[in-house]
Amino acid sequence: MARARSKSEESQPLLSSDISRTNSYGGPPLRKISLNPPHEFDYFIRANTESLVSDQEGAPPILPDSNKQSSLVTIFVLWNTMVGTSLLTMPWGLERAGFAMGILLVMGMATLCCYTAHCVVSTQAAYGPPGGEISELTRHLLGRKAEILSKIFSYIVLAGALIVYWILMTNFLYFIVDFIYTEISGGFDQSTINGTVRCFPEAVATNVTISDEQTTFQKWWSLNLSVPIYLALLVGPLLSFKSVTFFTKFNSLGTLSLMYLMVFVMVKAFNSGWNLDLSDPSSPNYAKLFKTSFFATSGMLAMSYFLQNIVITIMRSNRNQKNNTRDLAIAYSLGMGTYLVIGILFYASFPLRKSCIADNLLNNFASWDVGTLVARVFLFFQLVTVYPLISFMLRYQVMTAFFAKPFPSRLHVIAFNAVVVIVCVLFAVFLPKIGTIIRFTGALSGFFHVFTLPCLLRLAGQKQAGKLSCFSLFLNLAIPLAGGINLIAQFFVSDS
């Protein structure tokens, strides 16, 4: 018999200790880096904002029938979760793979990830425990060891997202303050401004009044030294709350940021025109169709399309369960289309050589460009509200796993937050490359969560039901093999 939550229980998020992973994303869920925030956030937000009941202590909450959503809403939630600040890296992904190969990878990875997400949903529906999540399904079909592995790789995804977000917040904060300082101190020298597009990493334009001697401001405001530490003073105090429901109220920032970023890229592409040459290697606009570094793109895309650990929760909320396969396919098609449109538009219109494209497309624009400034402001405030949520999810999972409760003591929480912030600062100082972090995180956790676990779950379910075929065995063992090759290849390709 379902029971209502007591007031003491309401002070804590209604989460199962077996939640595996929350980028970008009820209200619409927060979006993931790929650069997307991890996706259990949708589950977390629902648990804090909707009327939920639980069959037993610690069991996953069950949505009442009145809270079921239409197929249209389900598709939007899936698409909104999938597509987020990953858009910043799509042009770089096309550059690493080559124009034609990049497009094929975006389409192929979307198809593969859609299939493995479908494996998770269909296996849960046919063979999983009622009301279970991915962790319960894993324990039910594959055993406790597989469940532990699932959690470990979930921690890696969350930690990778936190590091990427810290680097992005550092970048945005640096350029925002730089713009304000330059305007206050006299403004940009209009006589030296020549366009807004810049080549990365040869020059990351700050202000155009830079002289041979650094000013006091420039000495104390350094992108890869002081700013990551200053950011800790701003964000650190936001990480120790027992409940982060306050931050979920800013979900709309994610949608606004995404829409603005899409419009921003379209306007820039229209103004720059078509700058793509596929035939003349001597042309400054020449683009290779295929590059051997394409594995950098496939690693990144494994993170961009990651839905496997939250897809059961989202699809369970669908009013008509018969539409799950169709709705999942439509959502992945929309995500693929969004990535292709932004990636191709930016890549094809970029007026400099394609190797100049940065893993954060905003780094290809000078800091005096007002449109770029607005994008950075939107994204900065979005990430400041999302970062505490991701940190909370990681802390909740780790503390629950090791101490059986999410808030063992304030000392435990402060120590945990300090370690997380220090690691993020170190990466922002010594390895501020979001493309590198995303592709390795995506390839590593994707190997388990995207390529391997869904296929093993499907095979285990079919074997249990006596429906295992040779074709299914071949297909669902070939996909993990491809994931393993994708992971190993990350060590043999470069970011530039």
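Tutor: A residue counts as buried when its relative accessible area is under 20%, as exposed when that area is over 50%, and as partly exposed in between (1.4 Å probe, protein chains only). By that rule Cys114 is buried, because its relative accessible area is 15%. The model is predicted, so local features need pLDDT of at least 70 and side-chain atom pairs count only at pLDDT 80 or more, while totals for chains, interfaces and linings use all residues. Residues are numbered from 1 along each chain as its sequence is written, and side-chain values use heavy atoms, with hydrogens and water left out.

Cys114 belongs to helix H5, residues 99–127. Helices here are DSSP runs of H or I with at least four residues, strands are runs of E with at least two, and both are numbered from the N terminus. Apart from neighbours within four places in sequence, Cys114 is in contact (heavy atoms within 4.5 Å) with Leu328, Ala329 and Tyr332. The C-alpha atoms of Cys114 and Ser333 lie 9.0 Å from each other, although 219 residues separate the two along the chain.

Now to the packing itself. Two packed helices are described by the angle between their axes and by the distance between the axes. Each axis is a line fitted to C-alpha atoms, for helices over the stretch in contact, and the angle between N-to-C directions runs from 0 to 180 degrees.

Start with H7 (residues 144–184) and H15 (370–403). Their axes are 8 Å apart, at an angle of about 150°. H7 and H15 are therefore roughly antiparallel; angles over 145 degrees get that name, those under 35 are roughly parallel, 65 to 115 is roughly perpendicular, and the rest are oblique. The crossing of H7 and H15 is left-handed, a label used if the near helix is turned anticlockwise from the far one by less than a right angle, with clockwise giving right-handed. The contact of H7 with H15 has 27 nonpolar, four polar and one charged residue. In this count Ala, Val, Leu, Ile, Met, Phe, Trp, Tyr, Cys and Pro are nonpolar, Asp, Glu, Lys and Arg are charged, and the others, Gly among them, are polar.

Leu383 is a residue of H15. Its relative accessible area is 0%, so Leu383 is buried. Setting aside residues up to four places away in sequence, Leu383 touches Tyr165, Leu168, Met169, Phe172 and Pro388. From Leu383 to Met169 the C-alpha separation is 6.8 Å, across 214 residues of chain.

H7 also packs with H16 (residues 410–430): the axes come within 9 Å and cross at roughly 60°. That angle makes H7 oblique to H16, and the crossing is right-handed. On the H7 side are Leu162, Ile163, Trp166, Ile167 and Thr170, which meet Val420, Val421, Val423, Cys424, Val425, Phe427 and Ala428 in H16. By class, this contact of H7 with H16 holds eleven nonpolar residues, one polar and no charged.

The loop between H15 and H16 contains Ala404. Ala404 has a positive phi of about 65° although it is not a glycine. With a relative accessible area of 68%, Ala404 is exposed.

A further packing pair is H6 (residues 134–142) with H17 (residues 434–465), where the axes are 10 Å apart and the angle is about 50°. H6 and H17 are therefore oblique to each other, and they cross in a left-handed sense. Ile134, Leu137, Thr138, Leu141 and Leu142 in H6 meet Leu453, Leu456, Leu457, Ala460, Gly461 and Gln464 in H17. Eight of the residues in this contact are nonpolar, three polar and none charged.

Aromatic rings complete the picture. The whole structure has 20 aromatic pairs, a pair being two rings of Phe, Tyr or Trp (its six-membered ring) with centres within 6.5 Å; planes under 30 degrees apart are stacked, over 60 edge-to-face, and the rest tilted. Phe346 and Phe350 are stacked, at 5.7 Å centre to centre and 25° between the planes. Phe346 is buried at 4% relative accessibility, and Phe350 is buried at 3%. Phe346 also pairs edge-to-face with Phe365, at 6.0 Å and 80°. Phe346 lies in H14 (residues 324–349) and Phe365 in the loop between H14 and H15, so this pair ties together parts 19 residues apart in sequence. Phe365 is buried too, with 5% relative accessible area. Ring pairs join Tyr260, Phe264, Phe346, Phe350, Phe365 and Phe378 into a cluster.
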